[in-house]
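Please open the structure in a viewer and keep the sequence at hand.

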Amino acid sequence: MTATPFVTDSSLESLARRLRFLGHDVLTLPGARLEDVLAAARREARTALTLSRRRPRRWADVPVYTVERDDEAVALRELTARHPPADPPFSRCGLCNARLERRLPIEARGEVPARVLRAGRELRYCPGCGKWYWEGTHVRAIRAGLERALGRPLAPPA
């Protein structure tokens with residue numbers, strides 16, 4: 001079973017971020033209309049994620065998953081059950097979707113807190129937006145929230 005890439009607009013950014021943290025390839029088009037999302041899905045062979053139940057006929061061939069309002073956990077469980085992630089958990093940027101790169105602490109000097117560098121934690125860098133990531137309390141909280149939403153434990157960090 002191959003990974004399914006997704007595309008959505010900013011109305012589902014919270015779901016998109018959670019899917020990215022789980023390793024899914026999710027492109028977000030800020031300010032896009034439904035037609036823009038469907039066009040990107042067709043052009044890039046992605047599945048559209050939307051809150052809209054509207055389906056213009058000319059987009060009938062585009063795979064679409066309609067997310068129920070105020071039920072993001074259900075959507076997260078359904079999508080992850082049906083579609084395997086492209087990458088391991090916490091290997092994609094939560095903001096821009098780029099694959100994270102492992103970096104040496106010396107490369108992060110002046111960009112991450114000194115306590116993180118002293119702790120010798122593994123650092124990951126996003127080549128898309130320049131954000132730095134490391135396993136800390138924030139990641140543990142995100143992991144716990146994802147595990148609660150999914151109803152199962154996540155694989156250990158890669």
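This is a predicted model: local features need pLDDT of at least 70, side-chain atom pairs count only at pLDDT 80 or more; totals for chains, interfaces and linings use all residues.

Residues are numbered from 1 along each chain as its sequence is written, and side-chain values use heavy atoms, with hydrogens and water left out.

**The sheet**

Select the strands first. Helices (H or I, at least four residues) and strands (E, at least two) are DSSP runs, numbered from the N terminus. Four strands form an open sheet in the order β2-β1-β3-β4, with parallel pairing; two strands pair if DSSP finds at least two bridges between them. Strands of a sheet pair through backbone hydrogen bonds, either parallel or antiparallel. The edges are taken by β2 (26-29) and β4, each with a single partner strand, so one side of each has no neighbour in the sheet. From one strand to the next, the twist averages 25°.

Now select β1 (residues 6-9) together with β3. These strands run parallel and are joined by two bridges. Within this pair, F6 stands opposite T47 of β3.

**Helix α1**

Helix α1 packs on the sheet, where it touches β1, β2 and β3. Contact here means heavy atoms within 4.5 Å. The direction of α1 makes about 155° with that of β2. Axes are lines fitted to C-alpha atoms, for helices over the stretch in contact, and angles run from 0 to 180 degrees between N-to-C directions.

Which residues of α1 are buried? They are L15, A16, L19, R20 and F21, where buried means under 20% relative accessible area (1.4 Å probe, protein chains only). Their cover includes β1, β2, β3, α3 and α5. Just after α1, select G23, which takes a positive phi of about 105°.

**From α1 to α3**

The axes of α1 (residues 13-21) and α3 come within 11 Å and cross at roughly 40°. The two helices are therefore oblique to each other, the term for angles that are not under 35 degrees (roughly parallel), over 145 (roughly antiparallel) or 65 to 115 (roughly perpendicular). S14, L15, R18 and L19 of α1 make the contact with E72, A75, L76, L79 and T80 of α3. By class, this contact has five nonpolar, two polar and two charged residues. Ala, Val, Leu, Ile, Met, Phe, Trp, Tyr, Cys and Pro count as nonpolar, Asp, Glu, Lys and Arg as charged, and the others, Gly among them, as polar.

**From α3 to α5**

On α3 the contact involves A73, L76, R77 and T80, and on α5 it involves L146, A149 and L150. Five nonpolar, one polar and one charged residues make up this contact of α3 with α5.

**Two loop residues**

Select W59, in the loop between β3 (47-50) and β4 (64-66). W59 counts as buried because its relative accessibility is 6%. Not counting residues up to four places away in sequence, W59 touches E35, L38, A39 and R42.

Finish at S91, in the loop between α3 and β5 (101-103). Is S91 buried or exposed? At 9% relative accessibility, S91 counts as buried. Beyond residues up to four places away in sequence, S91 touches A98, R99, L100 and R124.

Note on methods. Buried means under 20% relative accessible area, exposed over 50%, partly exposed in between (1.4 Å probe, protein chains only).
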